Structure formats: structure tokens, C-alpha cells
Amino acid sequence: MPHRRRRRPRPSRRRPATPSRPPPGPDERRRAAGGCSSAPPGGRARRRVGAERGGGFELRDGELYAEGVPLATIAERYGTPCYVYSRAALEGAWRSLDAALAGVPHLLCYAMKANANLAVLDVFARLGSGFDIVSGGELARVVAAGGDPGRTVFSGVGKSAAEMRQALDAGILCFNVESAAELERLDAVARERGRVAPVSFRVNPDVDPKTHPYISTGLKESKFGIAYGDALPLYRRARAMPGIAIRGIDIHIGSQITDLAPYREAARKVLDLVDRLAGEGIRLEHVDLGGGLGIRYRDETPLPVDEYAAMLRGLFEGRAEKLVLEPGRWLVADAGVLLTRVEYLKPGPAKHFAIVDAAMNDLLRPALYDAWHGVDPVRPRAGPGSRWEIVGPVCESADFLAHDRVLDLEPGDLLAIRTAGAYAMAMSSNYNARPRAAEVMVDGDRAHLVRRRETASELHAAESTLAR
Ligand code: LLP
């Protein structure tokens, strides 16, 4: 199935601005406070909502569905807050990237840090995906989900000796080594285990990906990768190490990239190194260009996947090395929503707060990066609405999910926080002793509970009080 994103006409660069409205008047306040609503019942017309972000969620007969299941049914059955994923959207995204690269020998290694739920991994493993991991815990998840360690690359600057042993025993495809010190440790661990570790060096190409500074990784000031100028000498050293087998080279310059130029510049720099290595008789099997493909949360213009693929095709035409990619966000972000219920409406003198049952512990991105996520009512009303701050119950002023959204709300309403398939549940915590949200995957007309809600007592089950 082609990804929905590809069927849509290319959107304009900017969304129409949110209508500027004065603060709510008394009528609006009454309605906002749960008073009588003049909203007409939901229309019968079938209309796409959030179509520009798309992927498995649409308005049907006046209510939001995940594939064939009303989100309201999921909320009733499993409670809120709850993450809901669309299997079709996950598969559609993976297949469209894979298809765009047809003709270029490649391996997609899903960067599972974006969403490591076993059901999500299972969906990708069944498609033949590889995985990009950054910890022993993630490797254990790949194995538990039926993924192939032989298609798994291990990224990250701080691999422990125990993680190296675990990955060697599992038979991973490659360690993406990020420093000389890590190389030495890996050589020692592999020899002690009687194995040879397959490695790639993550090179820092010193290219600005023009994205949020927290998710920019390819500049020389960054902790990631081996300085460009140090790469050749390190390959030469590695060649002589008995515990090391040189397999590839990799880069990852950042995340949420919407510009082709930094990708091209970084890829050219890395391919230049590959050729210089070949000149010294060090032939690589693969070139891993990392992840980072951006998506639309609000008004970004993502790179069309075909343009990205065309660039890669141009660069890899006639080359012997296999292309490896580590996409995370692009595969999963649009395929998930965070379903939450309005607990209270609290109109105020300066701002009006809609207090919902999801919080910054469930979705950290707004608090951490000031990230914007769409907020759609599950059963939209036709009223003009008011401006709301969408906030959670956590005792922090940073506990907001969205600012200044014009919505016609009543207590008890369900909201879908959009584009929440990536770096959402994966970054959640138990702050304020809040059990983490349930996760549901919809597959056609069926909803599967793929992670049940934690219970409060589970949260402290591993702790103990002082002996008395
Ligand atoms: N490969 C490596 C080595 C990475 O560090 C990352 C992401 C990826 C691949 C996947 O990048 P993607 O395709 O998802 O852009 N928490 C942040 C994003 C952090 C990304 C970290 N590294 C957010 O919520 O925006």
C-alpha cells in the first residue's frame, strides 16, 4: 500500500493562520465551562482531518477513527491517556521508503528509539526491516519482537562492555563505533569472547543540518562521531586489530531535516572517504547515511521521499557498497495519536486552561523542544470555540501539550494529539508517580492492546523501605 503522504497533493508552505479571535465572551465562557452548547450534531459527510499529517486517522460521520475503529470506542475500552497506532500507516510508510529506493541495494534499519513497542517492531520485522539500536535493552526488544539481529546496527557513544558482549553473542550486523576508545574496548571484548566484531565508524562530517540544536548531531562541536580528519588513521589502526572486522562507515547528522543540501554534502564527504579507503585497500561493504528525514507537524515542508531517494540513487549509482539507512520519525510519527480526555475546563483572566488527563510525562516534546503537535477533537463541534492552553495534571508550568488552540470544548471531551507515533511514548516517564499510558494498535477493524496501562503499585514494586 502506498503511503498516504504520497497520494496527497503537495501542500502549500504555510498553513492558513489560526483565526485570530478575541478572548472568549460570557457565552463562550459558559459553553467552555460545560454549559449548553449550540453545536449541531456531527455531520454525515466523510471528511479527512489532519490530512496533511495523515496516516490511518480520519473523520468519519463526525468522529475520528483509527482505520476502522472509532477512537471513542478505544477510549471506552482501554481508558485514557492512550497511544493509538495504525498498522496500515506504519506499513505504508516503510513500504513507500523501500519502494522509493528500488534499484539501489539497501537495508532500512528502523531507528527504534522513536517507538520501541514490540508490536511496532513486529510490524517492521515482518516487512524484513533491520533495526538501529542504541542499547542492550533495545537489542533485547528486537529479539523479543522476532526481529533479526543480523540486520541490526548498534549506534551510540557509550556502549558498555556488557552491551558489546550481548550484541556479539546475538550476532548483530555491525557496531557503529564512535571513538578510538570504544574501538579499543570492542577489540578487547571481542577477543576475550573469541569473536570478531563487525564495525563501521561513525564519522562526524561537520555539516549543519539546520534543525533544532538538541537534535543536531553532525557538527564538530557535537559529542557524536569521529572527527572527519581522524577517520582514516583509525581505519588503518582497526585493520590491524584481531578482534575487529571493518564492514562500513556511517553518519547521522541530525533529526527532523527538511533540506536536501546538508544530506548531500554529508553523503559526498563520506563517499569521498570511502574512495580514499579503497585506495588503501580497505573496502567497505556498506555506507550508512543514518536517519533524520523530517515530517510535517505544523507547517514544515518535508522532503518528498522521491527527491531524497533520487539523490541517493544518483550518489550510489555504480557503487559496490550497500546503502543502509536508519529512519525513525519518518516511519512512525504520523502513525500514532495520543488519546486524552478533558478533565476540567478552567477559564481564567489571562488564559483559559483545558486540563486533560495526559501530561508532559506522557508526551515530553512540547516541554522539551517547544514542539507543536496538532490537537483534534475526536467528536468535533461546529461552534466557534475559544482559545485554550492544553495542559496536564503534572505540577510544573512546563506541563503543556499545546498552546493557544481554538477548540469548542466541554469537559469529558476526547482529544487526539497528532503526530505522536515518534519520540512520544518512547520518551515518557513516571514523573509524579503517573502510570504510563496504554498503547493500542489498530489493524483494520480490530484494536489490539499492545501495552496495558501500568498500575500504580507496579511503579514502586522494585523499591523497598529501610529495614526497620
Ligand atoms: N540514527 C541515529 C544514530 C540517531 O541518533 C537517530 C536519532 C536516528 C538514527 C533516527 O533519526 P530520525 O529518523 O528519527 O530523525 N527526541 C527527538 C529526536 C531525537 C533523535 C535522536 N536520534 C525528538 O523528539 O524530536
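The model is predicted, so local features need pLDDT of at least 70, side-chain atom pairs count only at pLDDT 80 or more, and totals for chains, interfaces and linings use all residues. Residues are numbered from 1 along each chain as its sequence is written.

Me: Of the 20 residues around the ligand, which come nearest?
Reply: A residue is near a molecule or strand if its C-beta atom, placed from the backbone, lies within 6 Å of it. The shell holds 20 residues. Those that come nearest are Ala 111, Ser 255, Gly 291, Gly 328 and Tyr 423.

Me: How do the residues of the shell around the ligand divide into nonpolar, polar and charged?
Reply: Ala, Val, Leu, Ile, Met, Phe, Trp, Tyr, Cys and Pro count as nonpolar, Asp, Glu, Lys and Arg as charged, and the others, Gly among them, as polar. The shell divides into seven nonpolar, eight polar and five charged.

Me: Are α6 and α7 roughly parallel or oblique to each other?
Reply: Helices (H or I, at least four residues) and strands (E, at least two) are DSSP runs, numbered from the N terminus. The axes of α6 (residues 136-144) and α7 (residues 161-170) come within 9 Å and cross at roughly 25°; axes are lines fitted to C-alpha atoms, for helices over the stretch in contact, with angles from 0 to 180 degrees between N-to-C directions. Angles under 35 degrees count as roughly parallel, over 145 as roughly antiparallel, 65 to 115 as roughly perpendicular and the rest as oblique. So α6 and α7 are roughly parallel.

Me: Which residues of α6 make the contact with α7?
Reply: Two residues are in contact if their C-beta atoms, placed from the backbone, lie within 7 Å. α7 brings Ala 162, Glu 163, Gln 166, Ala 167 and Ala 170. α6 brings Gly 136, Leu 139 and Val 143.

Me: Are α7 and α8 roughly parallel or oblique to each other?
Reply: α7 and α8 (residues 180-192) pack with their axes 10 Å apart. Their angle is about 55°. α7 and α8 are therefore oblique.

Me: What is the make-up by class of the contact of α7 with α8?
Reply: Ala 161, Met 164, Arg 165 and Leu 168 of α7 meet Arg 185, Leu 186, Val 189 and Ala 190 of α8. By class, that contact has six nonpolar, no polar and two charged residues.

Me: Does α10 pass α11 in a left-handed or a right-handed crossing?
Reply: α10 (residues 260-279) and α11 (residues 305-316) pack at about 20°, axes 11 Å apart. A crossing is left-handed if the near helix is turned anticlockwise from the far one by less than a right angle, and right-handed if clockwise. For α10 passing α11, the crossing is right-handed.

Me: Which strands stand at the edges of the open sheet of three strands?
Reply: Two strands pair if DSSP finds at least two bridges between them. The order is β1-β2-β3, with antiparallel pairing. Each edge strand has a single partner, so one side is left without a neighbour in the sheet. The edges are β1 (57-60) and β3 (69-70).

Me: How many bridges join β11 to β12?
Reply: β11 (residues 244-250) also runs parallel to β9 (residues 197-204), joined by six bridges. With β12 (residues 286-288), β11 again runs parallel, and Asp 250 stands opposite Asp 288. The bridges joining β11 to β12 number three.
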